[in-house]
Amino acid sequence: MGDKIALITGITGQDGGYLAELLLAKGYVVHGVRRRSSSFNSGRIDHLYRDPHESGVRFFLHYGDQTDSSNLIRLVQETRPDEIYNLAAQSHVGVSFETPEYTGNADGLGTLRLLEAVRLLGRTQDCRFYQASTSELYGDIQVWPQNELTPFRPRSPYGVAKLYAYWITVNYREAWGLHASNGILFNHESPTRGETFVTRKITRAVAAIATGRQDALYLGNLDAIRDWGHARDYVEGMWRMLQQPTPDDYVLATGEENSVRGFVEAAFAEVGTRIEWKGSGVEETGLDAATGRTLVRIDPGYFRPTEVPRLIGDASKARERLGWEPKIKFKELVQEMVQSDLARIGAGRDGGHS
Ligand code: NDP
Ligand code: GDR
């Protein structure tokens, strides 16, 4: 038997980069699907890429899009994957309120298109499928911690699109016998997290403020509570799901809760700044306790029309059945992200705005 072949959609994203690294280290041949972009969007995988004309290359990139059925069919046909990891999505919850139709198309129907490609090509019995499901499915369900049996109540166009993707994945498993699994992943971050998600927005700002490049950080809801883990741990869980004899759905989470406010405090503490909060609501500010300088302000524009107030996951099933355990704790995660953003500034690699 030859080496296993994986097809990863969303290869240029945070998880795509970490998963490709993991699978290449395990000896897989990895095919990644990227979108055409007018500027470079391959920063997270450049270190893995080699000229395909060289010998022994095991990592290949293809152009594609979740909204293009014929493209997805051709890619599944040409790459003949043993495992498909469907990570591609318009993944920003806030942005999904502004692009609800596109988000439904790419995140919901995009998943159907890929599953249909597998079925049309007669691959349901010899190709395994991972769907990037999310804790956003739980929305504002008033049950904590959330596990695989907790009902879903999504609160955004993103969450609703992912709900369709979750159930269509279950349906292809039940109707066609496809080895298809949903990973219900809670927030996971890293130094390569997209710059507009709250953790990375904070760590970039902390680095910029600490080096005199930015005055203040503007945020929305400071009281939102999330279960933040590290992407490196979570891609390992994705792979483990597809190695099981039977497909199933699993929560991956740390079980530890922190608020956005707590993340801000932890990130500033990393550069020796203690934050003191003053005022309330949209008037609330975060001050440098030593100097009284205002470092954090509220911009109501970052509030979402419907918010998900508190997510905490229970990953007992993944622990028991997959032997999966998150290794990187909250404090270590924040530390790695802040240090990485400081190093980027030092190396002159920072740019753009959140
Ligand atoms: P990112 O936003 O970092 O990456 C998303 C990837 O999808 C990028 O490669 C992006 O391409 C690609 N993409 C977006 N739209 C399309 C499209 N129409 N066609 C093809 N590709 C597209 O997300 P993450 O890596 O953080 O997350 C990976 C997956 O896991 C996503 O589906 C996300 O919704 C889900 N998820 C993430 C969690 C997290 O905390 N990170 C938690 C739970 C689920 P480009 O680079 O060109 O924009
Ligand atoms: P989330 O992540 O919505 O949980 O989705 P995000 O980091 O965007 O928001 C987390 C919480 O922080 C609050 N918040 C802000 N968020 C952003 N982006 N910017 C701000 O300025 C800001 N201020 C406060 C938000 O309101 C929210 O409560 C992520 C994505 O990766 C999804 O794709 C994934 O499915 C879920 O995690 C699990």
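**View 1. The shell around ligand 2 holds 9 nonpolar, 9 polar and 5 charged residues.** Here Ala, Val, Leu, Ile, Met, Phe, Trp, Tyr, Cys and Pro count as nonpolar, Asp, Glu, Lys and Arg as charged, and the others, Gly among them, as polar. This is a predicted model, in which local features need pLDDT of at least 70, side-chain atom pairs count only at pLDDT 80 or more, and totals for chains, interfaces and linings use all residues. Residues are numbered from 1 along each chain as its sequence is written, while chains are lettered from A and ligands numbered from 1 in the order in which they are written.

View 2. Of the 23 residues around ligand 2, the closest are Ser91, Thr134, Val198, Gly220 and Ala224 (near: C-beta atom, placed from the backbone, within 6 Å of the molecule). Helix 6 (198-210) is one of the elements giving two or more residues, and its 3 residues are the largest share (helices: DSSP runs of H or I, at least four residues; strands: E, at least two; both numbered from the N terminus).

**View 3. Ligand 1 sits among 26 residues, with Gly10, Gly13, Ala88, Ala89 and Ala132 coming nearest.** The shell around ligand 1 has 7 nonpolar, 16 polar and 3 charged residues.

**View 4. Valine 118 and its contacts.** Beyond its neighbours within four places in sequence, valine 118 is in contact with Val76, Ile84, Arg123, Thr124, Cys127, Phe129 and Leu178 (contact: C-beta atoms, placed from the backbone, within 7 Å).

Note on methods:
Contact = placed C-beta atoms within 7 Å.
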